Amino acid sequence: MKRIEFLKAPMDIATMQETVSFIESRIEQKQFLQHVVVNVAKIVNMQKDPVLAESVKACEVINIDGMGVVFGARFLGHDVPERVAGVDLFHELLAMSAKREFPVFLLGATKEVVSKTVEVVKAQNPNLNIAGYNDGYFWDDEEAVVNKIRESGAKLLFVAITSPKKENFINKWQDKLGVDFVMGVGGTFDVVSGKVKRAPQWMQKAGLEWLYRVLQEPGRMWKRYLVTNSKFALLLLKSKFLTR
């Protein structure tokens, strides 16, 4: 995989299959691998949040999730073949884990959502070994949850918590988790459980998932995306025309 720097954020140019194969090989070798995806919001937030920026930079694999980042990177001259969306990679890695008999741990969301997610992914992958799961509301005793993950014997850990909490949690505890692979998956459990509906394929490919979220929750989302997308556009224009 080729690593580039885009708007001060490192990221890897890779296809979905290249990413899965690389992760599988590292797990086979028992070499710890920390994974993260970057989207428009995360890149914007990294500009002003040094802790988040360091947590992202500490990861061995940094995939491009949002189509906005794909289009932006191409605008600045980078050859990006495709995005590797976190929710799609999650499903690919679960299928791989079921095939290879790698136990997994799911962490995040509410008790109801993570329980439903376990039910759905087990139905999709009958041979999948769910070593354990826990909701994402454990901040009064992080170490207890870290111990639970380590004692579960899981090889892969998926963390469905919002940014920058999940990146900082993973970076803080990575040496004590006892897993070979850890990935932040944001709102993936909400999608998998059916709590949140994902945008249609044509909107995903057109980079309009943000608009779909706004249409779903206009009161909560319109300002967030307006501000974030505007800042991202300004960063792109500055990098294209003013940074020479």
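I worked from a predicted model, in which local features need pLDDT of at least 70, side-chain atom pairs count only at pLDDT 80 or more, and totals for chains, interfaces and linings use all residues. Residues are numbered from 1 along each chain as its sequence is written, and side-chain values use heavy atoms, with hydrogens and water left out.

**Lys42.** I located Lys42 in helix H2, residues 40-46 (helices are DSSP runs of H or I, at least four residues, numbered from the N terminus). I found Lys42 buried, at a relative accessible area of 5% (buried means under 20%, with a 1.4 Å probe and protein chains only). A polar atom of its side chain lies 2.7 Å from the backbone oxygen of Val37. Among the residues that Lys42 touches beyond four places in sequence are Leu52, Val56 and Glu167 (contact means heavy atoms within 4.5 Å).

**H3 and H8.** I then looked up helix H3 (residues 50-57) and helix H8 (residues 165-173), which pack at about 60° with their axes 9 Å apart. The contact is made by Val51, Leu52, Ser55 and Val56 of H3 with Glu167, Asn168 and Asn171 of H8.

**Arg83.** I placed Arg83 in the loop between helix H4 (67-75) and helix H5 (86-100). Arg83 is also buried, with a relative accessible area of 13%. I noted a polar contact of 2.8 Å between the side chains of Arg83 and Glu209 (a pair of N or O atoms within 3.5 Å; within protein, one must be able to donate a hydrogen and the other to accept it, and residues adjacent in sequence count only if both atoms are side-chain atoms). The backbone oxygen of Asp65 lies 3.2 Å from a polar atom of the Arg83 side chain.

Methods
Helices (H or I, at least four residues) and strands (E, at least two) are DSSP runs, numbered from the N terminus. Buried means under 20% relative accessible area, exposed over 50%, partly exposed in between (1.4 Å probe, protein chains only). Axes are lines fitted to C-alpha atoms, for helices over the stretch in contact, and angles run from 0 to 180 degrees between N-to-C directions.
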